[in-house]
Amino acid sequence: MSERPRPVPKSATVVRTEQVARDLVRVILTGDDIAKLPPLDFTDHYVKLLLPPAGADYDHPFDADEIRENHPREQWPVTRTYTIRWLDLEAAELALDFVVHGDEGLAGPWAMRAKAGDQISFMGPGGAWGPSEAADVHLLVGDESAAPAIAAAMEELPESSTAQVFVEVEDPQAQIPLPERDNVHVTWAYRATTGAAYGEALTEAVRNAPWPQGRVHAFVHGNADMIKPLRRYLFVERELPRDQVSISGYWRTGHNEDAWQAGKRDFNAQIEQKEATLAG
C-alpha cells in the first residue's frame, strides 16, 4: 500500500501587526495561499504554524521535507497551533492573535518581532465548532488562548440565543477587546488578584455563576488544568449532554505543545474514567 502523501505547507507574508491588548499581539498575514483558503464555516478554525526552532540555520521560506531529510530532528520545524481570529478573503488577509510574555516560548517572540514582509509557513485550516441555533444559551469559557475563538463565536451568535462569556486573564489591565452584543454578558476572571494558577479563577467564576435557563451549549477551552474541574461540573454535576459541549485543553502548564499533544490522549482518558466513576 502506498504511503499517504505528506501535506504541503502553505506560505504567508506578514502585512502588519497590532497590539490589541497588553499581552496580545495580532499578526495579519496575506499571500496567494491565504486568498485560496475556503470560507470559514466554524468559529474555532485554526492553523498550525511551522517555526524554525532556536538555533536553526534556516528561515522562511523553507522546504519542510528537505529539512527533515538533511537536518537532525532537533532542527526540524516546530508546530504551534493558533485559532484564526478572522479571515477576509476579499482582501486576502488572515489574522492570528498571539499571547506574548517577553521572550518566553517560540511563537510569541516571533509575533512580537514580526514586521511587514516576514514570511511564515502553516498547515490547515482545521476546525469543527460554531454556535448552534439549537441552543437557548451559549456558555463560552476560556483563557487568553481561547479568546480568539470566543470572540469569533460572539460575532456569529444566532439572534435567537444569548451567551454567558467567562474569560481569564492576568489582571484588569490585560483585558482583551471582545465584540459588544446586547444578548451577551461577559465576566472577567483575574489570576493576579488571588495569585491563583492558570484556570483556577476561571473555574471558580463559572461555578459561582447562576446556571442559565433553557438549552445550554458550552464551548470551554484553554489551560488543560481547568478542563478537569469544568468537565466534572458540566457533565457530572449539571448533567449536560456531551453533544452540547465542546471542551478541550489547548495547552497545559509546564508543557510545550509537543509534550502536551503527546500526553493529551492519556490525560483525557483518565478524566473520562474518573467521570464515569463519579456518575456511577
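Trainee: How do strand 10 and strand 11 pair, and over how many bridges?

Mentor: Strand 10, residues 216-223, pairs with strand 11 in the parallel sense, over six bridges. Two strands count as paired if DSSP finds at least two bridges between them. Strands (E, at least two residues) and helices (H or I, at least four) are DSSP runs, numbered from the N terminus. This is a predicted model, where local features need pLDDT of at least 70, side-chain atom pairs count only at pLDDT 80 or more, and totals for chains, interfaces and linings use all residues. Residues are numbered from 1 along each chain as its sequence is written, and side-chain values use heavy atoms, with hydrogens and water left out.

Trainee: Which residue in strand 11 is the bridge partner of valine 220?

Mentor: Isoleucine 247. Histidine 221 stands opposite serine 248 of strand 11.

Trainee: How does the chain cross from strand 10 to strand 11?

Mentor: Through helix 7, in a right-handed β-α-β crossover. Right-handed means that, with the strands pointing away from the viewer, the path from the first strand over the helix to the second runs clockwise.

Trainee: What's the strand order in the open sheet?

Mentor: It is 9-8-7-10-11, five strands with parallel pairing. Strand 9 (184-190) and strand 11 (245-251) are at the edges with a single partner strand each, so one side of each has no neighbour in the sheet.

Trainee: How many residues of strand 11 are buried?

Mentor: Five of its seven, so call it mostly covered. Buried is under 20% relative accessible area, exposed is over 50%, and partly exposed is in between, using a 1.4 Å probe and protein chains only.

Trainee: New topic. What does helix 6 lie across?

Mentor: Helix 6 (residues 200-208) lies across strand 7, strand 8 and strand 9. Its angle to strand 8 is about 155 degrees. Axes are lines fitted to C-alpha atoms, for helices over the stretch in contact, and angles run from 0 to 180 degrees between N-to-C directions.

Trainee: Which of its residues are buried?

Mentor: In helix 6, Ala201, Leu202, Thr203, Ala205 and Val206. Their cover includes strand 7, strand 8, strand 9 and helix 7 (224-237).

Trainee: And the largest nonpolar core, which residues touch the most other members?

Mentor: Leu140, Ile150 and Val165, out of 24 residues. Such a core is a set of buried Ala, Val, Leu, Ile, Met, Phe, Trp, Tyr and Cys residues joined through side-chain atoms within 4.5 Å. Helix 4 gives the most to this core, six residues.

Trainee: What is valine 165 in contact with?

Mentor: Beyond neighbours within four places in sequence, valine 165 contacts Leu140, Ile150, Met154, Val184, His185, Val186 and Thr187. Contact means heavy atoms within 4.5 Å.
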